[in-house]
Amino acid sequence: MANSPQARKRIRRNNARAEVNGARMSRIRSHVKKVETAVEAGDKEAAKAALEAAKPELDRGVARGVMHKNTVARKKSRLSKRVAAL
């Protein structure tokens with residue numbers, strides 16, 4: 001258990017950041033899921049629109065430090081490839 005005031009504050013801050021980051025990751029996952037469901041349905045226009053909406057969300061995840069840039073680059077590449085294949 002944290003005994004010093006700064007350790008207690010750090011726990012409070014970690015919990016607050018975990019909540020924000022968790023919501024951010026959930027939002028990113030939802031956008032990616034929309035692209036994947038559109039691809040599986042074979043709807044090229046919906047997939048393109050969902051991909052264009054997902055790209056800025058992924059980039060924002062990198063900027064905010066919740067995702068690694070190479071992970072996002074890989075995800076964007078793979079999603080783009082799947083949409084283009086329709």
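Guide: Contact here means heavy atoms within 4.5 Å. The model is a predicted one.

Visitor: With neighbours within four places in sequence left aside, which residues is Lys-44 in contact with?
Guide: Lys-44 lies in helix H2. Neighbours up to four places away in sequence are left out, and the residues in contact with Lys-44 are then Val-83, Ala-84 and Leu-86.

Visitor: What separates the C-alpha atoms of Lys-44 and Ala-85?
Guide: Along the chain, Lys-44 and Ala-85 are 41 residues apart.

Visitor: Is Lys-44 buried, exposed or partly exposed?
Guide: Buried means under 20% relative accessible area and exposed means over 50%, with partly exposed in between. Lys-44 has a relative accessibility of 28%, so it counts as partly exposed.

Visitor: Are H2 and H3 roughly parallel or roughly antiparallel?
Guide: The axes of H2 and H3 are 10 Å apart, and the packing angle is about 175 degrees. Angles over 145 degrees count as roughly antiparallel. H2 and H3 are therefore roughly antiparallel.

Visitor: How many residues of the contact of H2 with H3 are charged?
Guide: H2 contributes Lys-44, Ala-47, Lys-48, Leu-51, Lys-55, Leu-58, Asp-59 and Val-62, while H3 contributes Lys-69, Val-72, Lys-75, Lys-76, Leu-79, Ser-80, Val-83 and Ala-84. By class, eight of the residues in this contact are nonpolar, one is polar and the number charged is seven.

Visitor: How are H1 and H2 oriented, roughly parallel or roughly antiparallel?
Guide: Helix H1 packs against helix H2 (residues 44-63) with the axes 8 Å apart and an angle of about 155 degrees. The crossing of H1 past H2 is left-handed. The cut-off for the antiparallel class is an angle over 145 degrees. The two helices, H1 and H2, are therefore roughly antiparallel.

Visitor: How many nonpolar residues does the contact of H1 with H2 have?
Guide: From H1, the contact takes in Arg-27, Ile-28, His-31, Val-32, Lys-34, Val-35, Ala-38 and Val-39. From H2, the residues are Ala-46, Ala-47, Ala-50, Leu-51, Ala-53, Ala-54, Glu-57, Leu-58 and Gly-61. The contact of H1 with H2 has three charged residues and two polar ones, and its nonpolar residues number twelve.

Visitor: Is His-31 buried or exposed?
Guide: His-31 is placed in helix H1, and it touches Ala-53, Ala-54 and Glu-57 when residues up to four places away in sequence are not counted. Its relative accessibility is 15%, so His-31 counts as buried.

Visitor: At what distance does the side chain of His-31 reach the backbone oxygen of Arg-27?
Guide: A polar contact is a pair of N or O atoms within 3.5 Å. The side chain of His-31 reaches the backbone oxygen of Arg-27 at 3.0 Å.

Visitor: What is the relative accessible area of Glu-57?
Guide: Glu-57 is found in helix H2. With its neighbours within four places in sequence left aside, Glu-57 is in contact with Arg-27, Ile-28 and His-31. Glu-57 is buried, and its relative accessible area is 7%.

Visitor: Is H1 roughly parallel or roughly antiparallel to H3?
Guide: The axes of H1 (residues 5-41) and H3 (residues 69-84) come within 10 Å and cross at roughly 25 degrees. Angles under 35 degrees count as roughly parallel. The crossing angle therefore makes the orientation of H1 to H3 roughly parallel.

Visitor: Which residues of H3 make the contact with H1?
Guide: On the H1 side, the contact is made by Val-32, Val-35, Glu-36, Val-39 and Glu-40. The residues of this contact of H1 with H3 divide into five nonpolar, three charged and no polar. On the H3 side, the residues are Leu-79, Arg-82 and Val-83.

Terms used
Residues are numbered from 1 along each chain as its sequence is written. This is a predicted model: local features need pLDDT of at least 70, side-chain atom pairs count only at pLDDT 80 or more; totals for chains, interfaces and linings use all residues. Side-chain values use heavy atoms; hydrogens and water are left out. Axes are lines fitted to C-alpha atoms, for helices over the stretch in contact, and angles run from 0 to 180 degrees between N-to-C directions. Helices (H or I, at least four residues) and strands (E, at least two) are DSSP runs, numbered from the N terminus. Angles under 35 degrees count as roughly parallel, over 145 as roughly antiparallel, 65 to 115 as roughly perpendicular and the rest as oblique. Ala, Val, Leu, Ile, Met, Phe, Trp, Tyr, Cys and Pro count as nonpolar, Asp, Glu, Lys and Arg as charged, and the others, Gly among them, as polar. A crossing is left-handed if the near helix is turned anticlockwise from the far one by less than a right angle, and right-handed if clockwise. Buried means under 20% relative accessible area, exposed over 50%, partly exposed in between (1.4 Å probe, protein chains only). A polar contact is a pair of N or O atoms within 3.5 Å; within protein, one must be able to donate a hydrogen and the other to accept it, and residues adjacent in sequence count only if both atoms are side-chain atoms.
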